[in-house]
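User: I'd like to talk through this model with you, from confidence to packing. Could you take my questions one at a time?

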Amino acid sequence: MNVFMRGSLYFYPFFINLVYLLMTLAFSIRLHSRQRTMEVVIFVLLILLIVLALFLGLQPVYQDLYLLVMPVSLIFYYMYLHSLQYKVDSLTGMLNRNCYDIDIKRFERKEHVAVIVADVNRLKEINDTYGHPAGDIALKMVGSVLQKHLPISAMIYRLGGDEFVVLWQNAGISQVENAISKICHILESLWYSVSFGYQIHHKSQGQLHDAIIQADQMMYENKK
């Protein structure tokens, strides 16, 4: 009669898979600190699946189940993260134009959305005087300050060039103005200047596209 016995290296595969899981988690948090609902749901489901497989894997009858589920889950999630790269701006780490075009349809259905449009001042002058690497640093700095000083609920997009757009669900006018004032103060202390425009959109008062146009016009007025 065969007798199942666990050797001294039995937990070695569990340990290796746990390391891979933690590395994947760290990468996911760094890449998408502003997780959207679908991304969170997918990640949570994968974690629950792995935990379930781990629990069952501790039972001799199901020992092979964990060794199968864990790597398959990690491979799937790695592929999912890789696909998300196409939604992220490679320079600033913000969401890109492609993601904006997808998300705008979702925000159209929201009752209350604050729209913020930001444009970096004198970027061409920075590029011409100090070179394009200096301009890239300016864009990265602006993106970093926006991300650091806006809440998780505010989705930040770089549409291209020096233009950023923020879609912030359920934000009021005072929240938006306070956030912009703080961000401008911080950027000025770093010798950067950004022009902002904003508009509060209510679904009952028109289209989100109209609010974006109004915010854009306000930004150009402030830029003069």
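User: Let's start with confidence. In which element of the chain is it highest?
Analyst: This is a predicted model, with a mean pLDDT of 81 for the chain and 64% of its residues at 70 or more.

User: How many bridges join E1 to E4?
Analyst: E1 covers residues 112–120 and runs antiparallel to E4. One of its residues, valine 115, has glutamine 199 in E4 as its bridge partner. E1 also runs antiparallel to E3, with seven bridges between those two. For E1 and E4, the number of bridges is nine.

User: How many of the nine residues of E1 are buried?
Analyst: Take the two faces in turn, with buried meaning under 20% relative accessible area. His112, Ala114, Ile116, Ala118 and Val120 are buried on one side, and Val113, Val115, Val117 and Asp119 on the other. E1 is largely enclosed by the rest of the structure, because the buried count is nine of nine.

User: Now H5. Why do its buried residues end up on the same side, and what arc do they cover?
Analyst: H5 spans residues 123–130, and its buried residues are Leu123, Ile126 and Asn127. They sit on the same side of H5 because the arc they cover around the axis is only 95°.

User: And which residues are exposed on the other side of H5?
Analyst: The buried residues of H5 pack against E1 and helix H6 (132–149). Turn to the other side of H5 and you find exposed residues. These are Lys124, Asp128 and Thr129.

User: At roughly what angle do the axes of H5 and H6 cross?
Analyst: Just after H5, glycine 131 takes a positive phi of about 100°. Leu123, Ile126, Asn127 and Tyr130 in H5 meet His132, Ala134, Gly135, Ala138 and Leu139 in H6. By class, that contact has six nonpolar, three polar and no charged residues. The two axes come within 6 Å and cross at roughly 145°.

User: One more pair: within what distance do the axes of H4 and H8 come?
Analyst: On the H4 side (residues 97–108) the contact involves Tyr100, Ile104, Phe107 and Glu108, which meet Leu208, His209 and Ile212 in H8. Those residues divide into five nonpolar, one polar and one charged. H8 spans residues 208–223, and its axis crosses that of H4 at roughly 120°, coming within 10 Å.

Note on methods. Residues are numbered from 1 along each chain as its sequence is written. This is a predicted model: local features need pLDDT of at least 70, side-chain atom pairs count only at pLDDT 80 or more; totals for chains, interfaces and linings use all residues. Side-chain values use heavy atoms; hydrogens and water are left out. Two strands pair if DSSP finds at least two bridges between them. Helices (H or I, at least four residues) and strands (E, at least two) are DSSP runs, numbered from the N terminus. pLDDT is the predictor's confidence in each residue, from 0 to 100. Buried means under 20% relative accessible area, exposed over 50%, partly exposed in between (1.4 Å probe, protein chains only). Axes are lines fitted to C-alpha atoms, for helices over the stretch in contact, and angles run from 0 to 180 degrees between N-to-C directions. Contact means heavy atoms within 4.5 Å. Ala, Val, Leu, Ile, Met, Phe, Trp, Tyr, Cys and Pro count as nonpolar, Asp, Glu, Lys and Arg as charged, and the others, Gly among them, as polar. The arc is that of the directions from the helix axis to the C-beta atoms.
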